[in-house]
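Here are my notes on the model, point by point. Please read them with the structure open.

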Amino acid sequence: MKRRDFLAASAVLSLLASSPAYAVNKTNAKKPHAKSSARPKPKKPSAHSEPEVHHEPHGETRNVISLPDEPAQWRSYDIRSSIVLNRINGKARLWLPLAQYKDTLWERSLGHNWQGNFESAGIYRDPVAEMEVFYADWPEGVASPQLQIVSQVATQDRHFDITRRGAVAERTEVLRRSLQATSLVPIDGIVRNTAERAIGRIKDPVAQGKAIYEWVVENTTYDPLLKSVGNVDIGNMLESGNLSGRSGDIALLFVALCRSIGIPARPVFGLRIGSSRLFGSLGVGGNLSSAQHCRAEFYTPGYGWIPVDPSDVRRAIREERLSPGDPKLTVLKKLLFGFWEMNWISFNVAQDVSLRGSTGKTLPFLVYPLVETIDGRFDSLDTSRMSYQVSASRVD
């Protein structure tokens, strides 16, 4: 079956009716420390131009093999984050990853509004890491540092069509970075040997990427209870034979295997923001503070970046109790090679991140809010030090 025919057969339905939009209080603009970076809001793009994350209930009739065709459709969201810091000693600085600032055919960042009792705050761009980061500083003596930020983002589903070539070539420096080893992604030894076994005698780069994707899907296990949160060295993972992990671990395994045989690849860190039309377990609602999710993409000449999501295949297997012979699993595996359901926003593809203004060491990636004081660093996973609430609402 041609890829185009497959996508037509399994394209996704519209999202369920959205919740009421979050309305920015206009009077906030007169309060101290309330700012905005909003772009002039464009016309609606056309189709052509854990507190706890609540998953959708299981047992619904929606599933990946009963979805009729649907034209491309943009959806706009207000994403509201609220942060309160506790037990702060001295000055504090916070960093928060923002939605990818470069417009793509599947995601657009429309601006940000923020307020709080900080001394200074703003946004900076790291052109090398291709990410945009919000920062805020609190002076010594602030009893309860607080921040509220609202981001406006538009998304639509991302499809790869193998019948179409002609993608714009990527910059050489971007491809070079997407072939390098990082602190968590070695590309020699057991990593390269594993990739060579996965691809066998396949020579075509698209087919090689698909072979690696299928190997990762078949050999990993999704484990939401792991404490590592993507901080596992891929070489050590392969040496141990324990290929269990969360989305970051599984995506980085795919990236490492691709890079080891000369295929540019990169993880894409982001946040789920809505319900799924594929499976309930692949959607979220309520507080999204632990809804971070990592996908991946690899590059081939003529096609550009091809999206994949092996970890969501493994997540669906676990959460939906899919057996190896389940026809829904067969379709899902095919679909998530070349498709991203955009109930998710991308933050960045950055690895080995150096934060501006930080005195600490580099981070393997930036996907959680991070705070630094004279006592060191902590992030939103330390709930005794940071209260972090995130919600998303449809505005169209």
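**Notes on the predicted model**

1. Strand β3 (residues 75-85) is mostly covered, with 8 of its 11 residues buried. Buried means under 20% relative accessible area, exposed over 50%, and partly exposed in between (1.4 Å probe, protein chains only). Helices (H or I, at least four residues) and strands (E, at least two) are DSSP runs, numbered from the N terminus.

2. Some ground rules. This is a predicted model: local features need pLDDT of at least 70, side-chain atom pairs count only at pLDDT 80 or more, and totals for chains, interfaces and linings use all residues. Residues are numbered from 1 along each chain as its sequence is written, and side-chain values use heavy atoms, with hydrogens and water left out.

3. β3 has antiparallel pairing with strand β8 (residues 146-155), over 10 bridges. Two strands pair if DSSP finds at least two bridges between them. In this pairing, Arg-80 stands opposite Val-150 of β8. β3 also pairs with strand β20 (residues 386-394), again antiparallel, over 9 bridges. There, Ala-392 of β20 is the bridge partner of Ile-79.

4. An open sheet of 5 strands runs in the order β6-β7-β4-β18-β19, with antiparallel pairing. β6 (120-126) and β19 (376-379) are at the edges with a single partner strand each, so one side of each has no neighbour in the sheet. Neighbouring strands here are turned by 20° against each other on average, direction ignored. β6 and strand β7 (residues 131-138) pair antiparallel over 7 bridges. Arg-125 stands opposite Glu-132 in β7.

5. Next, a sheet of 4 strands. The sheet is open, ordered β15-β14-β12-β17, and its pairing is antiparallel. β15 (304-308) and β17 (344-348) form the edges, each with a single partner strand, so one side of each is left without a neighbour in the sheet. The twist averages 40° from one strand to the next. Strand β12 (residues 265-272) pairs with β17 in the antiparallel sense over 4 bridges. Arg-272 stands opposite Trp-344 in β17.

6. Which strands does helix α4 touch? Helix α4 (residues 205-219) packs on this sheet through β14 (292-300) and β15, and its direction makes about 150° with that of β14. Contact means heavy atoms within 4.5 Å. Axes are lines fitted to C-alpha atoms, for helices over the stretch in contact, and angles run from 0 to 180 degrees between N-to-C directions.

7. Helix α6 lies across β12, β14 and β15, at about 15° to β14. α6 is mostly covered: 14 of its 14 residues are buried. Its length checks out: at 1.5 Å a residue, the 14 residues (247-260) should span 20 Å, and the end C-alpha atoms are 20 Å apart. The expected span is 1.5 Å times one less than the number of residues. Just after α6, Gly-262 takes a positive phi of about 90°.

8. Helix α3 (residues 190-199) packs against α4 at about 105°, with the axes 8 Å apart. The two helices are therefore roughly perpendicular (65 to 115 degrees; under 35 is roughly parallel, over 145 roughly antiparallel, the rest oblique). Thr-194, Ala-198 and Ile-199 of α3 meet Gln-208, Ala-211, Ile-212 and Trp-215 of α4.

9. Ser-290 lies in the loop between β13 (285-286) and β14. Ser-290 is buried, at 18% relative accessible area. Its C-alpha atom is separated by 8.9 Å from that of Tyr-368, 78 residues away along the chain.
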